[in-house]
Every structure is written in structure tokens, then in C-alpha cells.
Amino acid sequence: MKFIEEYRHAEGALRYANAIHKIATRPWTVMEICGGQTHAIVKFGLDELLPKTITLVHGPGCPVCVTPLELIDKALAIASFPGVIFCSFGDMLRVPGSQADLFSVKARGGDVRIVYSPLDALGIAEANPGKQVVFFAVGFETTAPANAMAVFQAKKKKIHNFSILVSHVLVPPAIEAILSSPQNRVQAFLAAGHVCTIMGYEEYDPIAERYAVPIVVTGFEPLDILQGILMCVRQLEKGEHRVENQYARSVRRQGNPMARSLIQEVFRVVARKWRGIGEIPKSGLALTAEYAEFDAETRFGVQEIHAEESPECISGLVLQGLKKPYECAAFGVRCTPDRPLGATMVSSEGACAAYYRYRKGARGVASSAQGEVPHS
Amino acid sequence: MCLAVPGKLIEIHGEDPFFRTGKVDFGGILKEVNLAYVPEVLLNQYVIVHVGFAISVLDEAEAREVFSYLAEMDGLEELKEPSG
Ligand code: SF4
């Protein structure tokens, strides 16, 4: 298919890998922010094409993974209310809350439905005026315009039995949180191409400047990712730190103006908790006062639900690039995709699930571990 | 979930750019998508689709950059140096 196969060409990938081998003279650590990129890197074995001196670490860019436990608990509470139709993207259903997951609510008779788009949930609300329809609005900037549109249309069409449970997070504050940590070892970033398709990349200029890190907006196919890494390494070798755009076929400097203006209309920036990382100021979205009536948390009175993370799961460290999945004692033993302990094992975009799926014996895969810098 | 995939826009329904929808062909799988965020899109262009919304129109000229970047670099000194 056009715009896919041509970016998976083995020969092109090898040429890119070769170029990286030629210019890399020192060890470098590069983080890909987005779970979609993590998935592609592990699936296509891109990390194994790189010089051993280049370490890729997997960032927090999987919305399913970073949705805090208490939000899952709120979702479970709402989905258990009688008369509620709870709609969600499929990958949220197996994310464990403190006690259960959405699948088990469904098994006990709850009306939990998987939808492809938030507009499908709005359609269900229109078709079921006697029910309360709630959509689990999880995601990064990429998904925000879709959720904003669902709420915008609900208000316009006066669909009062619709609401959303918002768990929206933003990428730039997470990058800053990683960079300002004293344990940080990330020296360059691949920024997420689809997040930047919406938001553009002006926001990244001050970050690249302040922390002296190259940031390359990168696509999702193997050649995109390898080119993004090459662009990072080129800058690192020259001691530069600029924002570059590898994914210009989709990303414009200003992003998508229509999408940005609807996000601004419907959402405001707030502090958000990230699973495994904790609260990051100004790192998420909540509904503006004008759209507050569509907030499921207040509609169902679940604001006061709080929950603590399981102590055994180190997904927080995995998400910040401080540990690899196979460094977790539970990995593949007590924690598998069928019985996930933490969120990075539940989602196919999560680093633990990607390693489990493509690197079953990952502890033994020396090639991806050798380049690692030891850390405490 | 963050998955967003390219497909070819083969039908546009409606006139008002804000309420237009369209049919997108993903290598034989057809899906109806919302076109509100790509008011500039024309028939037969490729769009990136995420959760039922087209979020960008792919730029064909920029799309070829990935293939020409290495050729451009070949002329640069840094690639000619032996690896350290
Ligand atoms: S393997 Fe499981 S328990 Fe360990 S960090 Fe990953 S999700 Fe958490």
C-alpha cells in the first residue's frame, strides 16, 4: 500500500543503519517518546541494526500505560452504575484497576462496549436517550481533536446523556520531567510524529534549547525511525541541539490549526497524574467550564476515588527510560500479557508487552542489552 | 490506540467543510472518516487517519525526502570518515 511498504524496504533500512554506524563515534542514548515507535523498533528489530554504542530507551508515549490506576478505578465505578453504557477503545478493557478490569465489569453484566471512535459513542448516546453513555477519553494530543469533536457535537446537538471520562496527557511536559530528573540519561529524543501532526513542533524549540538536546519529529515506519535516529546522532556528534522534522509528509510547523482550535475550545491545560511517574504540572487536559456538564467524573461523583500503584511493578522506571522491561523480576514470570501486573504489559504499545511478544527470551538477548549504561 | 494510518480518500460526502465525511481506502479495507480537520483535502489524496478522523493530508513531495536524504548525505564529509 502506498505510504507504508516503501518505508519498510530492507535495503533502505540497511543503508540508514550503515550511515549511523559510520558517523557514530561515541555512545549515545536516544529516547523514542511514542509507544507506536517502540512497537515498530522491537517488531522490526531496528535496535539490533544499530551500533552497540547507541542505546534506545522507550519513553512514556503509550496513553494506556500512563493512565493512572485511580482513573481506571473511576472507569470501573462508572461502568458499574445501572443504566450506564460505558464505551472505550479496546485496549483499555484489560488494564487492571485496583480490584478488577473493565472486562470483568462486562462479565458481571455491565454494558461495556468497544468503539473505534468517540463519535461512535456519541452515536450510541443519540440512539439510547434513556441511558447514560460515557466515553473513556484517554490519549495524547493525537486523540484530543477526536474527543473534542465528540463533546463539541454533543453540546451543539444537545445530547445530554453523553459524557466523557477524561484522561488526556501532553507530551512536552513529560519530556521536560524526564530531562529535569537527576537520573536522566536521555541525550536526544524522537518526538512523536502524530502528536506533532496535531500540535506542530514550536513547543519543542525552548526544550531543545534549555536542555541542549536534539529533538527530531519522527514517523512510524522503519525507515522513518532510522532516519530520525540518524538525524539525532548527526546532531549529537556535532554538538548541536535543534528541533528537526523527519516526518514532514504529515507534520507542519504549526500542526493542524483546525484541530488545535477545537482542542482549545473544549479543553484546558491542567496538572495530571501519570501512572508510574506521578503528577506532572500542566501535563494534561480537562474540560473547560463551558463544557463541564460533559465531565463524567462530576456527573457520577467519582472525583474522590484514589488508588496506589502495585509496589512490584517497575513500569514507572521503564516509562522514564531508567530500566528495560527484562530488568523487572516479574517480567514474563508473574507478569505476562494474559496476566498483566502493570500497564506497560497490557497495551501492545507498552514496552513490556512489546518485549514479551517479540523478545520472549529477552533476558538472553545480549545485543540489545550490551549498549546499556549501568545505573542504580 | 495511538495508531494512525495512511489511506486514500476515494469519496467525499457533504459540502460544508466542517461536517464533511469521506470514504478512505486502506489497502482494500474501506472506512468512513470525519474530514472536519482537513478542510483542504481533495479526492484521491492520501490522509492520515486516527480514531475515525483524518488528521493530515500527506505531502507527496515531502514523502520522497526519506529516500533522498541519504543521497544528499553521501556528498557530505562526515559519511566519508572511517568509523571511530
Ligand atoms: S513486566 Fe509487568 S510488572 Fe514488570 S514493569 Fe513491566 S508491566 Fe510492570
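Reply: Helices (H or I, at least four residues) and strands (E, at least two) are DSSP runs, numbered from the N terminus. On that basis chain B has three helices and five strands, in the sequence order β-β-β-β-β-α-α-α. This is a predicted model, where local features need pLDDT of at least 70, side-chain atom pairs count only at pLDDT 80 or more, and totals for chains, interfaces and linings use all residues. Residues are numbered from 1 along each chain as its sequence is written, chains are lettered from A and ligands numbered from 1 in the order in which they are written, and side-chain values use heavy atoms, with hydrogens and water left out.

Me: Why is Val51(B) called buried?

Reply: Buried means under 20% relative accessible area, exposed over 50%, partly exposed in between (1.4 Å probe, protein chains only). Val51(B) has 7%, so it is buried. Its place is the loop between β4 (46-50) and β5 (53-57) of chain B, and its phi is near 35°, a positive value in a residue other than glycine. For chain B as a whole, buried residues make up 44% of the 84 residues.

Me: And what makes Ala212(A) partly exposed?

Reply: Its relative accessible area is 44%, so Ala212(A) counts as partly exposed. Ala212(A) also has a positive phi, about 50°, though it is not a glycine. You'll find it in the loop between α11 (204-211) and β8 (215-218) of chain A.

Me: How do you know that Glu221(A) forms a salt bridge with Arg8(A)?

Reply: The rule asks for a side-chain nitrogen of Lys or Arg within 4 Å of a carboxyl oxygen of Asp or Glu. Here the closest N and O atoms are 2.6 Å apart, and the pair is listed as a salt bridge. Glu221(A) is in the loop between β8 and α12 of chain A and Arg8(A) in the segment before α1, so the pair ties together parts that are 213 residues apart in sequence. Glu221(A), at 11% relative accessibility, is buried, while Arg8(A), at 35%, is partly exposed.

Me: What makes Lys155(A) and Glu293(A) a salt bridge?

Reply: Their N to O distance is 3.8 Å, and the cut-off makes that a salt bridge. Lys155(A) sits in helix α8 and Glu293(A) in the loop between β11 (278-287) and α14 of chain A, so parts 138 residues apart in sequence are tied together. Lys155(A) is partly exposed at 30%, and Glu293(A) is partly exposed at 38%.

Me: What makes up the contact between chain A and chain B?

Reply: Contact means heavy atoms within 4.5 Å. By that test, chain A supplies 53 residues and chain B 41 residues. The buried area, meaning accessible area (1.4 Å probe) that two parts lose on being put together, summed over both, is about 4,200 Å², with 67% from carbon and sulfur atoms.
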